[in-house]
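Welcome, and thanks for opening the viewer. Let us take a walk through this protein together, one selection at a time.

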Amino acid sequence: MSFHVYNSLTRRKERFESREQGVVRMYNCGPTVYSRAHIGNLRSFLFADVLRRWLEYLGYEVHQVMNITDVGHIQGDADEGEDKLDAQAKKDRLDPREIAKRYADEFLADVAALGVRAPEVYPRATDHIPEMLAIIDDLIAKGNAYQVGQDVYFDVTSFPNYGRLSGNKLEDLEGGARVEVREEKRHHADFALWKSDPKHLMKWDSHFGPDGFPGWHIECSAMAIKHLGEELDIHTGGEDNVFPHHECEIAQSECHTGKPFARYWMHAKFLQVEGGKMSKSLGNVYTLGDLEERGHSPRSLRFTLIRGHYRQPLNFTWDIVAEQKAALEKLDELYSRLVRAADGQGTPGDDDAGRALLDDSIETFESGMNDDLNVPRAVSALFQLRAHVLEGALGRTVAAAGVDFVRRANDVLGVIDVDANAAGGEANEAIEALVQARLDARASKDWAASDRIRDELVAQGIVIQDTADGTIWRRQAE
Ligand SMILES: [Zn+2]
């Protein structure tokens, strides 16, 4: 069984093979920190997180980098319009560096709350100006870029593969529509590597002039090459990054290094809200803060955003978040039941028959993830296993193997609170003692004591279920 991914560059599913055996170098396009990340952005970052976790499950050593764009991201696709950071800074009457710091901190807090494992580095564009200028100089020297006044443009006609990723053809990229005509450009699709504007708030001196700042695309090339080397295995982003951002990254990186930039390009699809587009005017550009205000946990949001396949459009609704919360509680219950069955509680099933059922669930999980990260199929394996556990179909040894499997699966999904539901530990022993005391009270028909103990458990966030196999407990999900 091997890992297959859909490669946007070739438009087909391909068997994944890293350049260096056992090692993956992966770059994820990160946030532009001029506002708080919305759930559409978060979907793309969570997709990258699940991909990294799956690669680790497969045994790869993953070198992962996600950038933070804190300058140079222009509002439109063309090189006209305001820098998003500058525009927000003017609106809030703050220094753009303060804006960048505020939203970068918020981004880091949000992804941490969502259980995103930190990459090796979160490089910031403003810390890599010399690296960008070095690439720009090299591109000019090689004839792939040209200077007009204090601006520098990439010459798209110098790179025959321009348009391969997005499917755009140069002759179709007419001025006006997506890319505005700018007089000083040789070709209307040429894009800025370096711009000069005395009114820009964040600017750097260079041999091009005093008031310069980088283009957004060159930032990612410089940061990826610096932190991961000239040839990446995987480059990810949202589907809105394909053109022009990633198309331009490929052009300038490959002209600079003379090597293929990334083997696999993977893009997460858009997120819709209530069946329509997210937009400020509709007031549905939700953030993690909005979810929390409505009483939803980061864990529920994580599950909602990873549970659909990343290449399918995801429709976000409040009902779906509530459903995912309920589904998560079932997975918590699966885990706590397995732990207790492994501990010899309940009616033990047959180990031989149970083994086949467990193996089948593991196979479904792994083949799902190996099929271009089919999380829906992988999650269905856990519900399948839950059904077997509810039937009492697993023996004690198999239940122990099941505990191990669910922990490993959850290492990829990151949604089940396995530690809270683990057996053992002083805190859990105290709860076990209370649960037993309640059972003793019920046995002697001391209902008042039984109710009192139950209330005490509930106050500690413990859910108790009396089942045919005895009483089981788990911690209430957030
Ligand atoms: Zn990027």
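How many residues does helix H10 have, and how far does H10 reach from its first C-alpha to its last? Select residues 351-370 to find out: H10 has 20 residues and reaches 28 Å, close to the 28 Å expected at 1.5 Å a residue. Keep in mind as you look that this is a predicted model.

**Stop 1: around H10**

Colour the buried residues of H10, among them Gly354, Leu358, Ser361, Ile362 and Phe365. Now show what they pack against: strand S1 (4-7), H1, helix H11 (375-390) and helix H12 (396-413).

Move to the end of the helix. H10 is followed by Asp372, which has a positive phi near 55 degrees. Select Leu373 too, in the loop between H10 and H11. Leu373 has a positive phi of about 55 degrees although it is not a glycine. Most residues other than glycine have a negative phi. Is Leu373 buried or exposed? Leu373 counts as buried because its relative accessibility is 3%, and the cut-off for buried is under 20%.

**Stop 2: Gln384**

With a relative accessible area of 23%, Gln384 is partly exposed. Leaving aside its neighbours within four places in sequence, Gln384 is in contact with Asp360, Ser361 and Thr364. Ser361 and Thr364 are among the buried residues of H10. For a sense of scale, draw a distance from Gln384 to Asn161: their C-alpha atoms are separated by 46 Å, and the two residues are 223 residues apart along the chain.

**Stop 3: the zinc ion**

Which residues coordinate the zinc ion? Show the side chains of Cys29, Cys220 and His245: their SG, SG and NE2 atoms coordinate the ion at 2.0 to 2.2 Å. In sequence, these donor residues are spaced C-x190-C-x24-H. Cys29 lies in the loop between strand S3 (23-28) and helix H1 (39-57), and His245 lies in helix H6 (residues 242-257), so this pair ties together parts that are 216 residues apart in sequence.

While you are in H6, select Pro244. The peptide bond from Phe243 to Pro244 is cis, with omega near 0 degrees. Most peptide bonds are trans.

**Stop 4: a sheet of four strands**

Four of them form an open sheet in the order S4-S3-S10-S11, with parallel pairing. Strand S4 (61-66) and strand S11 (262-268) stand at the edges with a single partner strand each, so one side of each is left without a neighbour in the sheet. On average, neighbouring strands of this sheet are turned by 20 degrees against each other, direction ignored. Zoom in on strand S10 (residues 232-238), which pairs with S11 over six bridges, and find Gly238 opposite Ala268 in S11.

**Stop 5: Lys445, then the whole chain**

Select Lys445, in the loop between helix H13 (426-443) and helix H14 (447-459). Lys445 also has a positive phi of about 55 degrees without being a glycine. Lys445 is exposed, with a relative accessible area of 60%.

Finally, zoom out. The protein chain has 14 helices and 15 strands, and buried residues make up 55% of its 478 residues. Its C-alpha atoms fill a box of roughly 90 × 50 × 40 Å along the principal axes.

Conventions:
Residues numbered from 1 in each chain as written. Predicted model: local features only at pLDDT ≥ 70, side-chain atom pairs only at ≥ 80, totals over all residues. Heavy atoms only, no water. Donors = N, O, S within 2.8 Å, 3.2 Å for Na, K, Ca; no water. Helix = DSSP H or I, 4+ residues; strand = E, 2+ residues; numbered from the N terminus. Expected span 1.5 Å × (residues − 1). Buried < 20%, exposed > 50% of the residue type's maximum accessible area, 1.4 Å probe, protein only. Contact = heavy atoms within 4.5 Å. Pairing = 2+ DSSP bridges. Axes fitted to C-alpha atoms, helices over the stretch in contact; angles between N-to-C directions.
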